[in-house]
Amino acid sequence: MKELEQLDKVVDVLDDELNQVDDLNVLQQKKASYLGKKGIIAQVMANMKDLTIEARKELGMRSNKIKQILEERFEQKKQAIENAIIDQRLKNESLDVTLPGVQFPTGGIHPLNQTIMDLEDLYIGMGYKVAEGPEIETDEYCFEKLNLPKGHPARDMQDTFYINPELLLRSQTSPVQVRTMLEEQGKPIKIVCPGKVYRRDADDATHSHQFMQFEGLVLGKDISLADLKGALLEMARKMFDKDREIRLRPSFFPFTEPSVEVDVSCGMCGGKGCNTCKQSGWIEILGAGMVNDNVLRMCGYNPEEIQGFAFGIGIERITMLKYRIDDIRNFYTNDVRFLNQFKEVK
């Protein structure tokens, strides 16, 4: 029967043709030409209607076996081509493990955060705890309990961002001190309070509508200005150098009495006088003082038994002095050229 002879020759012919194929698309086309609806096997089987029942049965069995063999041949060839492709790709993409690794750029600690970390390390080592509070504050905590009654100039709308008559963006981190005092109810306190504050200032080289403060509060028995000076002298020598000195000048703040402005000796001239310190030998760095008796009373403390001091440091000011930065806006522009200078700063 000629149909059987044709089927027997198909496998040998296919083997010869597959030896010439090395492309998956060509292989797919070849498979269709043999096993497709119009392929060689289908053409042979189209004559089954003219055969006897016995011949049909034999041809059907033989065609199924041939199809199975062809499927195996095509699958084997497909695997061989895919393996060859992978081998070639691995050869082309081989790695030299002796080459040095790729150096990816890394970031660094922002100078403002570095200053806060340095100050926290210092004061935690002196027994202080770090306290935090909300940036949206109440008028009571931000002003009234700090001895700033209604109508005080510091409460002017030009200075403070008010949300409504009772809520505002805090203009200082002092409300954290108030919250701590109210929670402790007469107990000794030794805390520092870092955080962002907001004021209605025009942005320029030395002012910003948003900046950072680092305040401290110590309450206990027999606390004096000498204790305050000692805490601030340690700060000055930690942030600048071990030979720095500080001086306290009389000033006024509603929440402290007596109040002082604190200067540090100029590092450019060693206190002799230069353009940086305006020939005075000193540079103002912060305000401080003994906690006002009215503030103590409003926060649940008896001034006859408990005294304390408070201080407030401008993080940007300290950082600008330490690293000799002349424009506060550099801290907030995200200029990588500026920030890269502080990668190795410790």
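Helices and strands here are DSSP runs, a strand needing at least two residues, and they are numbered from the N terminus. I keep this in mind while reading a model that is predicted.

**Entry 1: backbone**

I looked up proline 258 and found it in strand β8, which covers residues 256-265. A cis peptide bond joins glutamate 257 to proline 258, with omega at about 0°. I noted this because most peptide bonds are trans.

I then turned to phi. Most residues other than glycine have a negative phi. Glutamine 185 has a positive value, near 50°. I located glutamine 185 in the loop between α7 (174-184) and β5 (189-198). Its relative accessibility is 54%, and the limit for exposed is over 50%, so glutamine 185 counts as exposed.

Lysine 278 also has a positive phi, near 55°. I found lysine 278 in the loop between β8 and β9 (282-291). Lysine 278 is exposed, at a relative accessible area of 73%.

**Entry 2: a buried threonine**

I asked myself: is threonine 115 buried or exposed? Its relative accessible area is 0%, and buried means under 20%, so threonine 115 is buried. Threonine 115 belongs to helix α5 (residues 111-125). Setting aside neighbours within four places in sequence, I listed its contacts as Met239, Ile315, Ile318, Thr319 and Tyr323.

**Entry 3: salt bridges**

How many salt bridges does the structure hold? I recorded 14. Side chains of opposite charge can pair when their charged atoms come close.

I examined lysine 150 and glutamate 144, whose closest N and O atoms are 3.5 Å apart in a salt bridge. Lysine 150 is exposed at 53%, whereas glutamate 144 is partly exposed at 34%.

Glutamate 245 and arginine 237 meet in a salt bridge at 2.7 Å, N to O. Glutamate 245 is partly exposed at 37%, and arginine 237 is partly exposed at 29%.

I next followed arginine 249 to aspartate 263, a salt bridge of 2.5 Å, N to O. This pair links distant parts of the chain, with arginine 249 in strand β7 (residues 246-253) and aspartate 263 in strand β8, 14 residues apart. Arginine 249 is partly exposed at 28%, while aspartate 263 is buried at 2%. Salt bridges with shared partners join Arg247, Arg249, Asp263 and Glu284 into one network.

**Entry 4: surface charge**

Last, I looked at a surface patch of negative charge, where Asp159, Asp201, Asp203 and Asp204 gather. I placed aspartate 159 in the loop between α6 (139-142) and β3 (161-164). Aspartate 159 is partly exposed, with a relative accessible area of 31%.

Terms used:
Residues numbered from 1 in each chain as written. Predicted model: local features only at pLDDT ≥ 70, side-chain atom pairs only at ≥ 80, totals over all residues. Heavy atoms only, no water. Patch = residues over 30% accessible without salt bridge, like charges linked within 9 Å, V, L, I, M, F, W, Y side chains within 5 Å. Areas by Shrake-Rupley, 256 points an atom, 1.4 Å probe, with all protein chains shown as cover. Salt bridge = Lys/Arg side-chain N within 4 Å of Asp/Glu carboxyl O. Lys, Arg positive; Asp, Glu negative; His and termini not counted. Charge placed at Lys NZ, Arg CZ, Asp CG, Glu CD. Helix = DSSP H or I, 4+ residues; strand = E, 2+ residues; numbered from the N terminus. Buried < 20%, exposed > 50% of the residue type's maximum accessible area, 1.4 Å probe, protein only. Contact = heavy atoms within 4.5 Å.
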